Amino acid sequence: MTNDIFIFAEQRNDKLHPAALQIVTPAKALAEKTGGQVVACVIGDAIDNAATAIDKAGVERIITISDPSLAMYSALRYRTALTAAVQKVDPKVTLLPATFMGRDLSPRVAVRTKAALATDVIELQINDGGALDVVRPIYNGKATCHVTLPADRPAIASVRPNTFAAPSGAGGAQREALSFEPASGDERIDVKEIAKTGGDIKDVTEADIIVSGGRALKNEDNFKILFDLAKELDAAVGASRAACDAGYQPHTRQVGLTGKTVTPKLYFAFGISGAIQHMAGMRGSKVIVAVNTDPEAPMFRVADYGIVADLFKVVPLLTAEIKKLER
Ligand SMILES: Cc1cc2nc3c(=O)[nH]c(=O)nc-3n(C[C@H](O)[C@H](O)[C@H](O)COP(=O)(O)OP(=O)(O)OC[C@H]3O[C@@H](n4cnc5c(N)ncnc54)[C@H](O)[C@@H]3O)c2cc1C
């Protein structure tokens with residue numbers, strides 16, 4: 001086992017997932033303690049731009065595995081490819097983003113490499129005994145659990161997106177291409193198409209601006225005014241759990257404890273009361289704007305700007321004003 005810290009640099013269509021950049025930050029901190037290098041692995045077909053993006057985050061070595069059969073994510077093929085890269089580097093710690101892909105891959109690679117695994121972690125450090133100590137939320141975030149992984153075997157951890165800020169670096173990492181050798185049985189899953197939900201609207205974990213709506217929207221059709229505003233701002237549309245449970249929006253847009261954690265530059269909360277479970281997912285936003293008819297709504301306590309008003313009046317006005325600015 002080397003002292004290196006290995007990261008899985010998740011990409012789709014040659015675009016790096018923001019959470020892949022974010023995990024470079026804890027990887028660098030761990031490498032400083034172990035004295036090893038940060039090694040990134042990019043898997044896919046055409047992946048030059050993704051490899052360049054991870055290089056600029058300041059990793060020291062990049063392994064690319066490029067093959068037409070890896071153009072779309074397949075759990076088995078990606079597991080085989082990533083396992084080969086991990087075995088080649090033999091790192092002390094492997095980090096993956098706890099995205100859908102990372103959560104799917106991490107246990108598969110842990111089994112293949114006989115590594116100890118901790119999922120969805122929010123803090124990581126190498127303790128004085130040389131073991132990986134992590135903190136992970138449990139019971140829907142009501143408690144946190146401190147876990148020490150054994151020091152005598154490799155460790156794998158998936159890291160919750162938007163927990164760390166992405167770093168910047170100088171680039172110029174050493175690059176190495178590894179050829180893809182499929183394992184027998186990998187063809188059991190053949191991905192034909194990856195269906196996109198939500199059309200052109202971004203995912204809440206990837207957007208700089210989020211326009212979120214709560215129960216006050218009353219139905220799915222009324223969310224259209226939020227989508228219109230989001231389009232003008234190049235923003236993602238989010239929702240409270242009450243809105244998702246009522247079927248106004250899919251749970252993929254849910255922000256909060258049991259939804260997604262987000263840290264955008266600007267977060268709009270339209271008709272969202274500000275329950276602690278919702279705030280757990282968006283409190284890290286840089287600027288929060290709350291619009292609510294109830295002046296006592298808890299969301300106003302964390303908001304940088306608050307408007308006590310009917311969202312059905314405010315949202316179209318805001319959209320119209322932003323359209324004017326663009327002209
Ligand atoms: C274990 C657990 C996990 C949970 N996880 C999550 C989670 O991940 N995410 C989450 O969001 N919730 C979560 N919840 C639910 C949470 O407790 C709240 O019930 C939920 O966030 C409320 O959603 P809401 O603010 O949209 O609805 P409400 O609390 O009903 O608030 C609606 C708000 O809209 C305002 N309003 C009404 N009409 C208008 C109008 N025309 N214009 C402007 N404002 C208006 C009202 O004044 C009110 O403040 C969880 C709960 C539990 C127990």
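By class, the residues in the shell around the ligand are eleven nonpolar, 14 polar and four charged. Here Ala, Val, Leu, Ile, Met, Phe, Trp, Tyr, Cys and Pro count as nonpolar, Asp, Glu, Lys and Arg as charged, and the others, Gly among them, as polar. The model is predicted: local features need pLDDT of at least 70, side-chain atom pairs count only at pLDDT 80 or more, and totals for chains, interfaces and linings use all residues. Residues are numbered from 1 along each chain as its sequence is written.

**Ligand surroundings**

- Among the 29 residues around the ligand, Gly214, Ser240, Arg241, Ala242 and Gly256 come nearest. A residue is near a molecule or strand if its C-beta atom, placed from the backbone, lies within 6 Å of it.
- Helix H7 (241-245), helix H8 (276-282), strand E16 (287-292) and helix H10 (311-326) are the elements that give two or more residues to this shell. Helices (H or I, at least four residues) and strands (E, at least two) are DSSP runs, numbered from the N terminus.

**Domains**

- The protein chain is divided into domain 1 (5-188) and domain 2 (209-326). These bounds come from an automatic or database domain assignment.
- The C-alpha centres of domain 1 and domain 2 lie 32 Å apart.
- Five residues from domain 1 and six residues from domain 2 take part in the contact. Two residues are in contact if their C-beta atoms, placed from the backbone, lie within 7 Å.
- On the side of domain 1 that touches domain 2, one residue is nonpolar, three are polar and one is charged.

**The seven-stranded sheet**

- Seven strands form an open sheet in the order E7-E11-E6-E1-E4-E5-E12, with parallel pairing. Two strands pair if DSSP finds at least two bridges between them.
- Strand E7 (116-121) and strand E12 (174-177) are the edge strands, and each pairs on one side only.
- From one strand to the next, the twist averages 20°.
- Strand E5 (residues 61-66) and E12 run parallel, joined by four bridges. Ile62 has Arg175 as its bridge partner in E12.

**Helices across the sheet**

- Helix H3 (residues 48-56) lies across strand E4 (38-44), E5 and E12, at about 165° to E4. Axes are lines fitted to C-alpha atoms, for helices over the stretch in contact, and angles run from 0 to 180 degrees between N-to-C directions.
- Helix H4 (residues 75-89) lies across strand E1 (5-8), E4, E5 and strand E6 (93-97), at about 155° to E4.
- Lys88 lies in helix H4. Lys88 counts as partly exposed because it has 14 C-beta neighbours inside 10 Å. A residue is buried if 20 or more other C-beta atoms lie within 10 Å of its own, exposed if 12 or fewer, and partly exposed in between, with C-beta atoms placed from the backbone.
- The C-alpha atoms of Lys88 and Tyr248 are separated by 47 Å, and the two residues are 160 apart along the chain.

**Strand E13 and its partners**

- Four of the five residues of strand E13 (residues 209-213) are buried, so E13 is largely enclosed by the rest of the structure.
- Five bridges join E13 to strand E15 (residues 266-270), and the two run parallel. Ile210 stands opposite Tyr267 in E15.
- Four bridges join E13 to strand E14 (residues 236-239), also parallel. There Ile210 stands opposite Ala236.

**Ile225**

- Ile225 sits in helix H6 (residues 224-233). Ile225 counts as buried because it has 20 C-beta neighbours inside 10 Å.
- Ile225 touches Val315 and Pro316, not counting residues up to four places away in sequence.
- The C-alpha atoms of Ile225 and Thr319 are separated by 8.5 Å, with the residues 94 apart along the chain.
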